[in-house]
Amino acid sequence: MRGRTPVATLSVLIVTGAVTVWQFRDPQLLDQLRRDRDLLTSGEWWRAVTPLLVQDPPWQAWATVPGIFVLGVNVEKFFGGLGMLTVYLGSGLAGEAFGYALQPHGAGNSVADCGMIGALAVYLLSEAGSDVLQLRLSPPARRTLATVLATAALATVTAVTALTGDIHGPATVAGAAIGALLLRRTRPRRAA
């Protein structure tokens with residue numbers, strides 16, 4: 001992907017960035033777009049997606065909105081533009097679903113950022129990602145390492161989510177699962 005513009009990443013960044021700036025100019029926008037389980041179940045179906053566009057608390061935008069670019073460029077490099085959008089939206093929606101169950105009021109794209117981290121981790125542990133990490137393991141050793149890490153990560157995420165109600169772990173696992181599915185379905189892009 002060297003020299004190619006990361007169109008999917010820039011599109012998500014521009015839309016999320018624009019809505020976040022709008023939120024800073026009009027703080028009532030947060031209430032109109034955030035997670036609100038009662039309003040979602042009352043027919044405001046768009047609240048399944050719109051919490052990814054506003055930030056609560058607003059200060060987190062300084063990390064999460066630039067995170068779209070930092071993480072998204074790499075996800076798009078390894079999985080392509082459609083893959084980046086699939087990881088971002090799929091893990092973001094999974095995170096928001098957990099949010100509705102565990103934190104019924106809130107917002108932010110941090111769950112989608114965490115999903116991209118999960119997808120990147122899967123890629124880096126794959127055969128295609130071995131060039132990036134300079135990890136020279138045989139395929140059986142790589143599968144064993146991936147299984148051990150996945151089991152440890154899943155156990156940690158389950159425990160942290162159960163104890164704290166944090167929604168970022170499930171979003172990270174969702175991103176990793178989507179990344180793994182994308183690697184199985186298509187030949188991954190080699191690091192440039």
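## Helix packing around helix 4

Helix 4 passes helix 8 in a right-handed crossing; a crossing is right-handed if the near helix is turned clockwise from the far one by less than a right angle, and left-handed if anticlockwise. This is a predicted model, in which local features need pLDDT of at least 70, side-chain atom pairs count only at pLDDT 80 or more, and totals for chains, interfaces and linings use all residues. Residues are numbered from 1 along each chain as its sequence is written, and side-chain values use heavy atoms, without hydrogens and water.

Helices here are DSSP runs (H or I, at least four residues), numbered from the N terminus. Axes are lines fitted to C-alpha atoms over the stretch in contact, and angles run from 0 to 180 degrees between N-to-C directions.

| Pair | Axis distance | Angle |
|---|---|---|
| Helix 4 and helix 8 (residues 168-185) | 8 Å | about 150° |
| Helix 1 (residues 7-25) and helix 4 | within 7 Å | roughly 150° |
| Helix 4 (residues 61-102) and helix 5 (residues 110-125) | within 6 Å | roughly 125° |

**Helix 4 with helix 8.** The pair packs at an angle of about 150°. That makes helix 4 roughly antiparallel to helix 8. Angles over 145 degrees count as roughly antiparallel, under 35 as roughly parallel, 65 to 115 as roughly perpendicular and the rest as oblique. Helix 4 brings residues including Phe79, Gly83, Gly90 and Phe98 to the contact, and helix 8 brings Ala174, Gly175, Ile178 and Leu182, among others. Contact means heavy atoms within 4.5 Å. By class, the residues are ten nonpolar, seven polar and no charged. Ala, Val, Leu, Ile, Met, Phe, Trp, Tyr, Cys and Pro count as nonpolar, Asp, Glu, Lys and Arg as charged, and the others, Gly among them, as polar.

**Helix 1 with helix 4.** These two helices are also roughly antiparallel to each other. Helix 1 passes helix 4 in a right-handed crossing. Among the residues that meet are Leu10, Leu13, Thr16 and Phe24 in helix 1 and Val65, Phe69, Glu76 and Tyr88 in helix 4. The contact has 14 nonpolar, six polar and one charged residue.

**Helix 4 with helix 5.** This pair is oblique. The crossing is right-handed. The contact has 15 nonpolar, nine polar and two charged residues.

A cis peptide bond joins Asp56 and Pro57, with omega about 5°. Pro57 sits in the loop between helix 3 (37-41) and helix 4. Most peptide bonds are trans.

**The largest pocket.** The lining of the largest pocket has 31 residues, and Val122, Leu125, Ser126, Ala146 and Leu183 lie nearest its centre. Helix 5, helix 7 (139-164) and helix 8 each supply at least two lining residues. The lining divides into 19 nonpolar, six polar and six charged residues.

Definitions and conventions
On a 1 Å grid over the protein atoms alone, a cavity is a set of points where a 1.4 Å probe fits but cannot get out, and a pocket is an open set with protein on both sides within 12 Å along at least five of seven lines; lining residues have an atom within 4 Å of a point.
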